[in-house]
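Here's a friendly walk through one structure, in questions and answers. Take a look at it first.

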Amino acid sequence: MTPKERILQYIEKKGITQYAFSKRTGLSNGFLKAGSSLSVDNLLIISNSFDDLNIEWVIRGEGNMLRDGGIGHVQNGHTNTIDHSPIHVSTDASEVTRLKSEIKHLEELLAAKDEIINLLKHK
């Protein structure tokens, strides 16, 4: 399975049309039909447009289709399992405070990354 075929599998699973995909990414409507290779720039656009899509899965076809690992574990092109593992949620106030601080830091890093990407796009 090619990376573009995996993207088609992803948008089918998400219930997204190819037109909606192209509209959201800004890539041409025939992008998924033309050729089989993807540029790094296009992968970056797709990754920024669909933050739940695991780009490593798109490229190599290994691991989870989705970044959260919740559904669609794929290996050798076949969906194997749906992970329904229980998640432990801490109610400890200090842990919640620490996590909020970490989220804020990660959001700042993400904003800086987006700013760099925008600067590079406009060069």
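**Getting oriented**

Buried residues account for 27% of the 123 residues in the protein chain, where buried means under 20% relative accessible area, exposed over 50%, and partly exposed in between (1.4 Å probe, protein chains only). This is a predicted model, in which local features need pLDDT of at least 70, side-chain atom pairs count only at pLDDT 80 or more, and totals for chains, interfaces and linings use all residues. Residues are numbered from 1 along each chain as its sequence is written, and side-chain values use heavy atoms, with hydrogens and water left out.

Q: What pattern does the protein chain follow, read along the sequence?
A: Helices (H or I, at least four residues) and strands (E, at least two) are DSSP runs, numbered from the N terminus. The protein chain has 5 helices and 3 strands. Read along the sequence, they give α-α-α-α-β-β-β-α.

Q: How far apart are the end C-alpha atoms of α1?
A: The expected span of a helix is 1.5 Å times one less than its number of residues. With 12 residues, α1 should span 16 Å, and that agrees with its end C-alpha atoms, which are apart by 16 Å.

Q: Which residue just after α1 takes a positive phi?
A: Inside α1 itself, Lys 4, Arg 6, Ile 7, Gln 9, Tyr 10 and Ile 11 are buried. Just after the helix comes a residue with a positive phi of about 75°, and that's Gly 15.

Q: Is α2 roughly parallel or roughly perpendicular to α3?
A: Axes are lines fitted to C-alpha atoms, for helices over the stretch in contact, and angles run from 0 to 180 degrees between N-to-C directions. Helix α2 (residues 18-25) packs against helix α3 (residues 40-49) at about 100°, with the axes 9 Å apart. Angles under 35 degrees count as roughly parallel, over 145 as roughly antiparallel, 65 to 115 as roughly perpendicular and the rest as oblique. So α2 and α3 are roughly perpendicular.

Q: Which residues in α3 do Phe 21, Arg 24 and Thr 25 meet?
A: Contact means heavy atoms within 4.5 Å. Phe 21, Arg 24 and Thr 25 sit on the α2 side, and their partners in α3 are Ile 45, Ile 46 and Ser 49.

Q: Which residues is Leu 53 in contact with, leaving aside neighbours within four places in sequence?
A: Leu 53 is among the residues with the most contacts inside the largest nonpolar core. Leaving aside those neighbours, Leu 53 is in contact with Tyr 10, Ile 46, Val 58, Met 65 and Arg 67.

Q: Is Asn 42 buried or exposed?
A: Asn 42 is found in helix α3. Not counting residues up to four places away in sequence, Asn 42 touches Leu 27 and Phe 31. Its relative accessible area is 18%, so Asn 42 is buried.

Q: What is the relative accessible area of Gly 30?
A: Gly 30 lies in the loop between α2 and α3. Gly 30 is partly exposed, and its relative accessible area is 34%.

Q: What distance separates the C-alpha atoms of Glu 56 and Leu 66?
A: Glu 56 is in helix α4, while Leu 66 is in the loop between β1 (62-64) and β2 (73-75). They are 10 residues apart along the chain, and their C-alpha atoms are separated by 9.9 Å.

How values were computed
A nonpolar core is a set of buried Ala, Val, Leu, Ile, Met, Phe, Trp, Tyr and Cys residues joined through side-chain atoms within 4.5 Å.
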